[in-house]
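Here's a quick briefing to read with the model open in your viewer.

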Amino acid sequence: MADQAGGIPRRLVWLLTLVCGVTVANLYYTQPLLHEVASGFHVSESDAGLVVTATQVGYAVALVLLVPLGDIVRQRPLVCGLLIADAVALAACAGAPTLQALTGAGLLVGITSVVVQILVPFAATLAADHQRNRVIGTLLSGMLLGVLLSRTFAGVVSGLAGWRTVYALAAVFMLLAAALLYGLLGTRSPELSITYRRQMRSIASLAVGQPVLRRRSLIGALIYGAFNCFWTTAAFLLTTHPYHFSQGEIGLFGLVGVAGALTTNVAGRHLTASRQVILSGTLLAALVASFAAMALGRWSFVLLVLGVLVMDAAVQGIHLLNQSVVYGLLPQARARLTVVYMTSYFIGGGAGSAIGSLAYRHDGWVGASVAGGLMSLGALAVWGYGTLRRPRRRETDSGSAERAAGRRHSTHSVTGVGPPPTDG
């Protein structure tokens, strides 16, 4: 699985990247399918949006309850078991007889798809020091592409063979992933010999003792809520006047965000600590402006596309900056930092899906755009409070006691990508 001199083999890195990409895509297939799902079950589009919310909430719950197991149990049965359970949940989505059944299956899809957050620190543990940043960056890029291309895949497949086929194919992908990884993961021992209860207590202590972590987690929750507010309701807009897009065309529209997001991902490799503060504020302000443009997209396709490009670039850029700041707080506890930050991130995503659906029900596309804009404005306010109202030195050094504690009670660390931390 890994050799002593070269670290993790390249073929395993690419396999893990592929698995992460197709697995994280499970969380987003429903978004471009909502109009078709609503029509099939004869319910409102806002009611159909609850499937997206349930999936995101399930993922957030699993981040708290299941990801900590990655340090204290064997990887092969945990990872392969979750992938097989994911396949069963996706098959249940494909055969769901009612919207309630689809929502329940979507919750299980969210819970089991959390396996990607176990694979990333696992790959970092296998990697040699000289390759760790590159390995983590490769896996994160795979996850990003999985998120962005999932909408295109779902829209095109649904247009050709119906929305249930999307879930059926996804279930097959998970079974193939489990079969491939079973032979490669081996019987590696757990990283830590501690109880689940002790692991959970250490995560709670970290969340309480790190104000920068809490603030960045709140920013992450708000921006991802705004992101999901748009993508949950975009299919509703694109199927009505003046667009009247087909399912395939809605899927292709998802490609719009790829350019903006990947541009930020490449640029993020060249960030420096001195640029983090101003870049965070600039991207958050751009995010607010993007929702103003997308609100006008009800009448202008050009403004809609421009808004999507800016929104996806801003959300991915802020997410990268957040991780850079958070991972620098306590290098010995990056796995636990990931649990806190990503849990907040996906709780925000679930809330954004629900808020977007409700706003669209009451005030249409403009209402959904205003809701996303207000969440973006809230994130900008949180950044402004941390940057302008508190001394930077106190913010970045507030976790000194926790750093010392982390050195005494460290778990394996997951090396993040990006510059040293500067909160702002």
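His42 counts as exposed, with a relative accessibility of 73%. You'll find His42 in the loop that links helix H2 (34-41) to helix H3 (45-48). Keep in mind that this is a predicted model, so treat the details below as computed from a prediction.

- Most residues other than glycine have a negative phi, and most peptide bonds are trans.
- His244 is another non-glycine residue with a positive phi, about 55° here.
- Look for His244 in the loop between H11 and H12.
- His244 counts as exposed because its relative accessibility is 51%, and the cut-off for exposed is over 50%.
- There's also a cis peptide bond, and it joins His241 and Pro242, with omega at about 10°.
- Pro242 sits in the loop between helix H11 (211-238) and helix H12 (247-253).

**How H1 packs on H7**

- Two packed helices are described by the angle between their axes and the distance between the axes.
- Helix H1 (residues 10-24) packs with helix H7 (residues 116-126) at an angle of about 165°, and their axes are 10 Å apart.
- That angle makes H1 roughly antiparallel to H7, since anything over 145 degrees counts as roughly antiparallel.
- The H1 and H7 crossing is left-handed.
- On the H1 side, the contact is made by Leu12, Leu16, Val19, Cys20, Thr23 and Val24.
- H7 brings Val116, Leu119, Val120, Ala123 and Leu126 to this contact.
- Sorted by class, the H1 contact with H7 has 10 nonpolar residues, one polar and no charged ones.

**How H10 meets H11**

- The axes of helix H10 (residues 196-209) and H11 come within 5 Å and cross at roughly 90°.
- H10 and H11 are therefore roughly perpendicular to each other.
- Which residues of H10 and H11 make the contact? From H10 they are Leu206, Ala207, Val208 and Gly209, and from H11 they are Pro211, Leu213 and Arg214.
- By class, the H10 contact with H11 has five nonpolar residues, one polar and one charged.

**Inside H4**

- Helix H4 (residues 50-65) has 16 residues and reaches 22 Å from its first C-alpha to its last, close to the 22 Å expected at 1.5 Å a residue.
- The buried residues of H4 include Val51, Val52, Ala54, Tyr59, Ala60, Ala62 and Leu63.
- Thr53, Thr55, Gln56 and Gly58 are also among the buried residues of H4.

- Thr152 is found in helix H8 (residues 132-161).
- Is Thr152 buried or exposed? Thr152 is buried, because its relative accessible area is 12% and buried means under 20%.
- Leaving out residues up to four places away in sequence, Thr152 touches Gly251, Leu252, Gly254 and Leu255.

**The whole chain**

- The secondary structure comes to 18 helices and zero strands.
- Of the 424 residues in the chain, 58% are buried.
- Among the contacts with a separation of 6 or more, 85% are between residues 24 or more positions apart.

Methods: Residues are numbered from 1 along each chain as its sequence is written. This is a predicted model: local features need pLDDT of at least 70, side-chain atom pairs count only at pLDDT 80 or more; totals for chains, interfaces and linings use all residues. Side-chain values use heavy atoms; hydrogens and water are left out. Axes are lines fitted to C-alpha atoms, for helices over the stretch in contact, and angles run from 0 to 180 degrees between N-to-C directions. Helices (H or I, at least four residues) and strands (E, at least two) are DSSP runs, numbered from the N terminus. Angles under 35 degrees count as roughly parallel, over 145 as roughly antiparallel, 65 to 115 as roughly perpendicular and the rest as oblique. A crossing is left-handed if the near helix is turned anticlockwise from the far one by less than a right angle, and right-handed if clockwise. Contact means heavy atoms within 4.5 Å. Ala, Val, Leu, Ile, Met, Phe, Trp, Tyr, Cys and Pro count as nonpolar, Asp, Glu, Lys and Arg as charged, and the others, Gly among them, as polar. Buried means under 20% relative accessible area, exposed over 50%, partly exposed in between (1.4 Å probe, protein chains only). The expected span of a helix is 1.5 Å times one less than its number of residues.
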